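Work through the exercises below with the model open. Try each task before reading its solution.

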Amino acid sequence: MITTPEIPLTRLDDADPELLRELLDAVARVAESAAFTLGPEVEAFEAEYAAYCGTDHAIGVSSGTEALTLTLRALEIGFGDEVLLPANSFIATAESVTLAGATPRFLDVDPQSALITAEIVQAALGPHVRCIVPVHLYGQTVDLRPIVALAREHGIAVIEDACQAHGALLGGRRAGSLADAGCFSFYPSKNLGAWGDAGAIVTNDERLAERVRMLRAHGERTRCEHEIVGTTARLDAIQAAVLRVKLRHLDEWNAARRHAAAALAEALRDTPVVPPAPPHRGADHVFHQFVIRCEHRDALRAHLAKAGIATAIHYPVPIHLTAAYAGDGRNPQPSLPVVERLAKRILSLPMHSAISDEEIARVGAAVQAFHR
Ligand SMILES: *Cc1c(COP(=O)(O)O)cnc(C)c1O
């Protein structure tokens, strides 16, 4: 029987009464204005998010997947084009490529950082590659500068998948602001989360911003003038209102996550599990997930569950091996040894901005107990 409370993997806004009240007031304001899609609340969030990221434009959309898909479409990347992406991401990174009509080409990753590098990208370049989508996985920033330089040399685009890295810094600039465009998800459990599905694109490219704005709303620049084939992918005003309140706390929450991650790594010091590798110079980690590497992963996971500690695996099946992409083995896929090995050893431990010292100590003690 578990007598101590469960330690959750993450925590949502209902756990913070003061924040919840502020958010409910913001939602009430939108409801009373009866402006539910786009409008002043969305425009205000877009201006504030662009300023936060240090970009000229932010365009609010309905999800991170739409942010990626519409950016690819706006860059006219589609049928016959190949897009390079890491295989150890959330499947949405690949889905967006497929939805845009292009072909995802899956990359292996650096064994230390679990991120792609310029060397890995270089080895995968080919005549049909038109875009690279680096993923700041778990909140750790990819070393983008050499990847962007390589892409410029070859005339190909770089879209940052920053869906797990809101507010992370790279050489003093925000993740998402360093390439042609950066895409964000505001799924509720992300470091900056809405009250449902939401996303955004940030960019300094005026033409790209204009096209994404049209694509998210049926190709309209002016109401009822459909210039291109678009879709329904607008950001809701209620989500924008929630995000505006929470954006003001993002830096403080990310700092709390970094602090908690350092304490958790310390609590695991005398165990054989490997905590997240320290970021390379000039990089950052905002710990969307705190992912350890370990042997006997499934047994450790069961042990932690019994101790009331929630865990998860991000992600149990690399994208190139999912039924969606491998088609039960019918579609030939590359062998990606690093990604495939990591998938068997990774484990996400509880991590959020309000995790307590006591909870961190309990996680550390439970991991230690497993190894005794
Ligand atoms: C969450 C996420 C997405 C997709 O975002 P949705 O808002 O769920 O569509 C894309 N890429 C990565 C790496 C993510 O973590």
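For residue classes, Ala, Val, Leu, Ile, Met, Phe, Trp, Tyr, Cys and Pro count as nonpolar, Asp, Glu, Lys and Arg as charged, and the others, Gly among them, as polar. The model is predicted.

**Exercise 1. The ligand shell**

Task: Find how many residues surround the ligand, which are the closest, and how they divide by class.

Solution. 
- Step 1. Count the shell with a cut-off of 4 Å between heavy atoms. The ligand is surrounded by 13 residues.
- Step 2. Pick out the closest: Gly64, Thr65, Asp161, Ser185 and Lys190.
- Step 3. Sort the shell by class. Four residues are nonpolar, seven are polar and two are charged.
- Step 4. Look for helices that contribute. Helix H3 (64-74) and helix H4 (92-99) each give the shell at least two residues.

**Exercise 2. Polar contacts and burial**

Task: Which N or O atoms in side chains face the ligand at 2.5 Å, 2.6 Å and 2.8 Å? Then state what share of the ligand's area the protein buries.

Solution. 
- Step 1. Apply the cut-off for a polar contact, a pair of N or O atoms within 3.5 Å.
- Step 2. Start with the ligand's oxygen atoms. One is 2.5 Å from a side-chain N or O atom of threonine 65. For serine 185, the distance from a ligand oxygen to a side-chain N or O atom is 2.6 Å.
- Step 3. Turn to nitrogen. A ligand nitrogen is 2.8 Å from an N or O atom in the side chain of aspartate 161.
- Step 4. Now take the area. The ligand alone exposes 380 Å², and the protein buries 92% of that.

**Exercise 3. The largest pocket**

Task: Locate the largest pocket, give its volume and describe its lining.

Solution. 
- Step 1. Go to the ligand. The space it takes is the largest pocket.
- Step 2. Read the volume: about 460 Å³. The lining has 26 residues, and Phe90, Ser185, Tyr187, Lys190 and Tyr315 are the closest to the centre.
- Step 3. Sort the lining. It has 10 nonpolar, 12 polar and four charged residues.
- Step 4. Assign helices. H3 and H4 each supply at least two lining residues. H3 gives the most, with three.

**Exercise 4. The cavity**

Task: How many cavities of 30 Å³ or more does the structure hold, and what lines the largest?

Solution. 
- Step 1. Count. There is one cavity of 30 Å³ or more.
- Step 2. Take the volume of the largest cavity, about 230 Å³. Its lining numbers 25 residues, with Ala114, Tyr138, Val291, Arg293 and Ile346 the closest to its centre.
- Step 3. Sort the lining: 17 nonpolar, seven polar and one charged.
- Step 4. Find the elements. Strand S10 (290-293) and helix H12 (337-345) each supply at least two lining residues.

**Exercise 5. Backbone geometry**

Task: Is the peptide bond from histidine 314 to tyrosine 315 cis or trans? Where does alanine 34 lie, and what is its phi?

Solution. 
- Step 1. Check omega. It is near 10°, and the bond from histidine 314 to tyrosine 315 is cis.
- Step 2. Read phi of alanine 34. The value is near 55°, positive in a residue other than glycine.

How values were computed
Residues numbered from 1 in each chain as written. Predicted model: local features only at pLDDT ≥ 70, side-chain atom pairs only at ≥ 80, totals over all residues. Heavy atoms only, no water. Polar contact = N/O pair within 3.5 Å; in protein donor to acceptor, adjacent residues only side chain to side chain. Areas by Shrake-Rupley, 256 points an atom, 1.4 Å probe, with all protein chains shown as cover. 1 Å grid on protein atoms, 1.4 Å probe; cavity = no way out; pocket = protein on both sides within 12 Å on 5 of 7 lines; lining within 4 Å. Sits in = over half its atoms within 2 Å of the grid points. Helix = DSSP H or I, 4+ residues; strand = E, 2+ residues; numbered from the N terminus. Points joined across faces, edges and corners; volume = space filled by probe spheres on them.
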